[in-house]
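Good morning, and thank you for coming.

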Amino acid sequence: MRYNMGRLVIWVLAIFWISITPISLANKDDGHDLFSFNKDYNCDYKEALSKAILFFEGQRAGKLPPTQRVTWRGDSALADGMPENVSLSGGYYDAGDNVKFVWPMSFSVTLLSWAAVEYQKEICSADQMLHLRRAIRWGTNFIIHAQASPTTLYAQVGDANGDHRCWERPEDMDTPRTLYKISPESPGSEVAAEAAAALAAASIVFKEYDCKYSARLLRRSKLLFQFADKYRGSFQGSCPFYCSYSGYQDELLWAAAWLYKASGEKEYLNYVSSNEGWSHTVSEFSWDNKFAGAQALLANEYFKGNGNLEKFKNDADSFVCALMPGSSSVQVKTTLGGLLYTRDSSNMQYVTSASMILLVYSRFLDAANVGDVNCGSVTFSPSQIKAFAKSQVDYILGNNPMKMSYMVGYGTKYPNQVHHRGASIPSIYTHPSKVGCNDGLNSWFYSGNPNPNTHTGAIVGGPNSGDQFTDSRSDFSHLEPTTYINAAFVGSVAALQAYPSKDNDHLQFIYATM
């Protein structure tokens, strides 16, 4: 065996250095750390997975089931949809407010379903599959009810402006429950296509547990996709809270990819092939921009022999290159503490979603045995990509400069003033009298005390670009949890169930940057 002696010496010195101190490698170009961590930090990924899933029970709307584990919550929004004779009382509140937005709700369901499909063995080994299926079904049942006809989909329940002027528990809310819907005359391809993706992905989850329900989900998904594609138009009904910036082409590709995976029908593969020109290089994966998810799914089909999907594989590689520190085409910088930092408002949503894609894609690369991802002058192996994604999960769970967990209820130090109406006001079971809009603001929103209810599993928006964090309820950009932050984290931490919390795979990442 031949060795590069110079490189071998560097490796030996690096290993010696790692053995005596935590690592903080600086990028020569911008002075930022390539990878920062405490090598002795331990994460309990099983606990983190269970709590990430539990979070969704605290976000439920409607009549709560006997199996409800978040006991400070009660029934809420039972009359949603009644003015138009539709049943819209279930589903999820998207974040710390009491509004139901079908677009991000559907995205959350798609991600949860992807985790269940991709990491079935890992999630079952952690005894969380039953809870995850219940979380998915709570969302899919609502989407089914929201699809009032083949060409009508309710896209939002609740007046977001009115809701945001109040600070009320969901159980008390008396703000307008205005209904917003899409139709051929008022299209919203992003919402319909994302709902289609959610139902298609979920149909795979339930195929072996409830085949009739699975078939129903797939039928509904096909109708939603037809609706989204036939009546193309961008959805702006949830602005300024959820505005479409990337357009609807990403959702159409994303939905078609899931429909192909769920049905095996070639028409969906032909659809993405004929519209490959829509796909382009991106550096984020989010409720608005689904290109990276579609590219990863379709790259896996390319690895399986569908050679006409090469563009999606190339674009998936470019997504990796846009994120990996040390890449010659990196677009997203990391903080000095090692956290991917896309933008200041709710940055953790981009961290968890990027980590999920990196971990899934590294799994696809391993399975296909196709080698490294080439990022110009640097290449990254699947193990290096996985190690970097793991560092993001570990940062969230406490391996960071603040030495705190950004998941509520995990570890000994975590946010206590989460920007969340239900968590910040005493439960109706301990404080049964109504808390009105202004009462909630004056007595609880502006309080400097910790929330009376621990919203276990909630991942907040995270620190600023300097790795600093102030636990203040009014700072919604950094203290508000969302369903899609947690949904992506479920996929990320599920991937690490069989991964040792202390390992040396980070060395592989370091070698590539030398």
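Cysteine 124 has a relative accessible area of 34%, so it is partly exposed. On this scale, buried means under 20% relative accessible area, exposed means over 50%, and partly exposed lies in between, computed with a 1.4 Å probe on protein chains only. Cysteine 43, by contrast, is buried, at 8%.

A word on the source. This is a predicted model, in which local features need pLDDT of at least 70 and side-chain atom pairs count only at pLDDT 80 or more, while totals for chains, interfaces and linings use all residues. Residues are numbered from 1 along each chain as its sequence is written, and side-chain values use heavy atoms, with hydrogens and water left out.

Let me turn to the disulfides. How many disulfides does a search of the whole structure find? The search finds three, where a disulfide is a pair of cysteine sulfur atoms within 2.5 Å. With the bonded cysteines of the protein numbered in sequence order, the pairing reads 1-6, 2-3, 4-5.

I begin with cysteine 166 and cysteine 437, whose sulfur atoms are 2.1 Å apart in their disulfide. The torsion about this S-S bond is about -100°, and the disulfide is therefore left-handed. Cysteine 166 lies in the loop between helix 6 (160-164) and strand 5 (179-182), and cysteine 437 lies in helix 16 (residues 437-445), so the pair ties together parts that are 271 residues apart in sequence. Helices here are DSSP runs of H or I with at least four residues, strands are runs of E with at least two, and both are numbered from the N terminus.

Which residues does arginine 165 contact, leaving aside its neighbours within four places in sequence? They are Cys437 and Leu441, contact meaning heavy atoms within 4.5 Å. Arginine 165 and leucine 441 are 276 residues apart along the chain, and their C-alpha atoms are separated by 9.1 Å.

The next disulfide joins cysteine 239 and cysteine 243, with sulfur atoms 2.0 Å apart. Cysteine 239 is partly exposed, at a relative accessible area of 31%, whereas cysteine 243 counts as buried, at 9%.

There remains the disulfide between cysteine 321 and cysteine 375, with an S to S distance of 2.0 Å. This link is left-handed, with -85° about the S-S bond. It connects distant parts of the chain, 54 residues apart: cysteine 321 is in helix 12 (residues 310-323) and cysteine 375 is in strand 8 (residues 373-375). Cysteine 321 is buried, with a relative accessible area of 5%, and so is cysteine 375, with 1%.

I now move to the aromatic rings. Across the whole structure, a search finds 23 aromatic pairs. Rings of Phe, Tyr and Trp (its six-membered ring) pair if their centres lie within 6.5 Å; planes under 30 degrees apart count as stacked, over 60 as edge-to-face, and the rest as tilted.

One of these pairs is phenylalanine 107 with phenylalanine 285: the ring centres are 5.4 Å apart and the planes stand at 80°, so the pair is edge-to-face. Phenylalanine 107 lies in helix 3 (residues 102-118) and phenylalanine 285 in the loop between helix 10 (266-274) and helix 11 (291-303), so this pair ties together parts that are 178 residues apart in sequence.

Tryptophan 254 lies in helix 9 (residues 249-263) and phenylalanine 285 in the loop between helix 10 and helix 11, so the parts tied together are 31 residues apart in sequence. Tryptophan 254 counts as buried, at 0% relative accessibility, and phenylalanine 285 has a value of 1%.

Elsewhere, Phe101, Trp103, Phe241, Tyr242, Trp287 and Tyr484 form one aromatic cluster.

Finally, I come to charges over rings. The charged end of arginine 133 sits over the ring of tyrosine 209, 3.6 Å from its centre. The criterion is that NZ of Lys or CZ of Arg is within 6 Å of the ring centre and within 35 degrees of the ring normal. Arginine 137 lies over the face of tyrosine 213, at 3.8 Å from the ring centre.
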